Amino acid sequence: MLPEREQKKLGREKLQRIIETCKSIEGRSLDPFLIDVKDNIDTVKKYFPEWKIPEDLCLDAETIHQLASVIKLQSEWVKHRSTTLYTDPFLLDEKIRRIEKVDIVRTFVKVWHPIVELEQVSIQSLAEALRYWESLVPLNERWNEMAPTEVGSGTATREELVNQRILRDETFSQELEDFWRELKSQVAKNGENGKIRYQSFVYAETYKETVNRAFMTSFLVTYGYATLEIHPLEEEMFIVPYEKPAVKTGGKQLVSIPIALTAEDWEKWKRGE
Amino acid sequence: MSKRKAYYASKLKRATHMLFYKRHKKPGVKGWELRKTIGSDYPKVLKIMDDFLKPLDLQVKTVFEEEKQVEKPTQEQLDKARFLIELRGELAPKEAKMIGWRIDDLAGLAIAISYIISKKGKSPRKEVDELLREKLPGWKVGINIDRYVRYGYLAQDENEQLYLDWRTRAEVDQKALVDLLLRAES
């Protein structure tokens with residue numbers, strides 16, 4: 001009788017060997033009946049009372065898992081052998097080695113139905129390609145366009161920068177406060193219950209101006225000069241100005257509200273649709 | 001032409017353009033694409049097309065996602081299936097040469113497919129390689145197997161196992177191939 005330590009060591013080795021054999025059968029498509037499942041289960045059973053630590057118990061579970069995979073393969077093997085597609089690989093192997101190449105091809109073309117696929121161009125695609133070619137600018141011209149132009153340095157006055165919209169003629173905060181005052185007066189004039197429809201306030205005579213007003217409105221809301229009231233079911237949105245700018249409390253998560261402002265929507269609004 | 005005939009004639013044209021001309025990397029069109037372009041009655045349009053193709057020795061082939069052929073497919077199975085135009089009858093060996101296959105390459109393909117079928121649809125590449133080396137020059141065997149994989153006849157996994165891929169399922173009558181090979185006189 002082996003001492004307990006030796007017995008455990010031998011048991012672990014045996015389980016490892018079973019796992020390796022199962023894995024090689026699965027990985028190399030070998031005949032799953034090469035393994036004697038019953039004999040291996042007996043081995044697992046024999047050593048099971050020896051296992052006390054989690055590592056050994058995991059090894060035991062892994063062995064059972066691998067044996068279960070082999071049993072599954074055996075079941076598939078039996079199923080395949082019972083189908084009409086099953087052919088003994090040795091028989092077929094022998095046959096293939098003995099048949100002439102020409103005969104193999106003659107056999108294959110009887111059961112081969114190659115797919116038909118065309119890749120040739122059509123008159124329409126040629127015409128389209130020609131149109132594209134005509135409109136394509138020659139490479140040397142395109143490269144010219146991309147080359148950086150030399151710009152001479154000079155001076156500009158503040159008025160010139162304002163005219164070019166690089167600088168504003170008033171500070172942004174001043175502009176924002178003016179816009180807030182305009183919102184409050186519009187609400188007093190055209191609004192209801194201290195609020196005004198988003199479209200009524202933002203949409204202007206030109207699309208450019210509309211975009212600018214939407215931009216400013218977003219800052220009014222972000223900086224606490226106003227808030228948005230959204231009624232999703234009615235698909236309505238109102239702007240509610242505050243009397244005094246609200247102070248944002250740090251703990252509260254701010255929410256972004258995307259608002260689409262397309263030229264088509266603006267045109268519809270212009271036409272009164 | 002009656003209204004009904006004109007309706008199907010126009011759908012038939014669109015289906016022909018979609019099925020004959022290559023649209024994606026893989027040939028053929030998915031069912032959902034046909035439904036989107038032709039309408040939900042596309043199976044009927046394909047049936048009419050199949051009748052038209054019969055005298056030309058061509059047919060509309062349905063390749064389902066599942067490996068086996070489906071007897072009564074559901075709408076979902078049809079939408080996921082791939083539809084192709086393929087030869088209905090048989091090619092003569094000389095014709096195979098005309099469509100770009102050398103006799104050696106075709107023989108190699110036939111051997112690889114039948115061997116994998118006999119091995120339950122999965123075989124180590126090494127075994128197929130050794131089998132092909134019996135009758136093909138060694139330098140060509142690797143190139144040919146790679147070509148069969150590239151064309152979609154075979155698939156290879158990270159363990160160098162070869163499987164039958166979508167093109168074999170679409171083009172080859174596997175059972176008939178094995179039967180004929182076993183019956184062939186050596």
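The legends below describe close-up views of a predicted model. Residues are numbered from 1 along each chain as its sequence is written, and chains are lettered from A and ligands numbered from 1 in the order in which they are written. Because the model is predicted, local features need pLDDT of at least 70 and side-chain atom pairs count only at pLDDT 80 or more, while totals for chains, interfaces and linings use all residues.

**View 1. The side of chain A that touches chain B.** Contact joins 34 residues of chain A to 50 residues of chain B; two residues are in contact if their C-beta atoms, placed from the backbone, lie within 7 Å. On chain A, the elements giving two or more residues to this side are α4 (89–98), α5 (101–111) and β1 (115–116). Helices (H or I, at least four residues) and strands (E, at least two) are DSSP runs, numbered from the N terminus. With 11 residues, α5(A) gives the most.

**View 2. Strand pairing between the chains.** β1(A) pairs with strand β3 (residues 82–87) of chain B in the antiparallel sense, over 2 bridges; strands pair if DSSP finds at least two bridges between them. Opposite Val116(A) stands Ile85(B), in β3(B).

**View 3. Surroundings of Phe201(A).** This residue lies in helix α10 (residues 198–202) of chain A. Phe201(A) counts as buried because it has 22 C-beta neighbours inside 10 Å. A residue is buried if 20 or more other C-beta atoms lie within 10 Å of its own, exposed if 12 or fewer, and partly exposed in between, with C-beta atoms placed from the backbone. Neighbours within four places in sequence aside, Phe201(A) is in contact with Leu183(A), Gln186(A), Ile196(A) and Ile239(A).

View 4. The 14 residues of α8(B) (residues 138–151) should span 20 Å at 1.5 Å a residue, and the end C-alpha atoms are 21 Å apart, which agrees; the expected span is 1.5 Å times one less than the number of residues. Buried in α8(B) are Val141(B), Asn144(B), Ile145(B) and Tyr148(B). Seen down the helix axis, these residues fall within an arc of 100°, so they line one face of α8(B); the arc is that of the directions from the axis to the C-beta atoms. The face turned away from the buried side carries the exposed residues Trp139(B), Ile143(B), Asp146(B) and Arg150(B).

**View 5. Cover and end of α8(B).** What covers the buried residues of α8(B) includes α6 (103–118), α7 (125–133) and β5 (154–156) of chain B. Gly152(B) follows α8(B) and has a positive phi, near 95°.
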